[in-house]
Amino acid sequence: MAESFTPKQVAEHNTVDNGLYIIIDGDVYGLASFVDEHPGGAKILKRVGGKDASKQFWKYHNESVLKKYGPKLKVGTVKEEAKL
């Protein structure tokens, strides 16, 4: 079963050493193992680490990229934080 993360938990994974998580359309991806393979360079991924990168992702990629790499890199989904 996929793990659920709050946006705050994803934000804690904002460096390669911490797992470098990003959010794309509500799914959480761990990019630490992929950062050196990224055709656009590691710098771009490090800049969006711990954040929702949906807008940036879709600006430069199409759905085939997510289909190819998503299953290997997906670590979970974002859960809504409880509103008190």
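At least two residues each of β2 (21-24), α2 (42-48), α3 (54-60) and α4 (63-73) belong to the lining of the largest pocket. Helices (H or I, at least four residues) and strands (E, at least two) are DSSP runs, numbered from the N terminus. The model is predicted: local features need pLDDT of at least 70 and side-chain atom pairs pLDDT 80 or more, while totals for chains, interfaces and linings use all residues. Residues are numbered from 1 along each chain as its sequence is written, and side-chain values use heavy atoms, without hydrogens and water.

The largest pocket has a volume of about 510 Å³, the space filled by probe spheres set on grid points joined across faces, edges and corners. On a 1 Å grid over the protein atoms alone, a pocket is an open set of points where a 1.4 Å probe fits, with protein on both sides within 12 Å along at least five of seven lines; lining residues have an atom within 4 Å of a point. Of the 23 lining residues, His38, Ile44, Leu45, Phe57 and His61 are the closest to the pocket centre. Helix α4 gives the largest share of the lining, five residues.

Phe34, in the loop between β3 (27-30) and α2, and Tyr69, in helix α4, are 35 residues apart.
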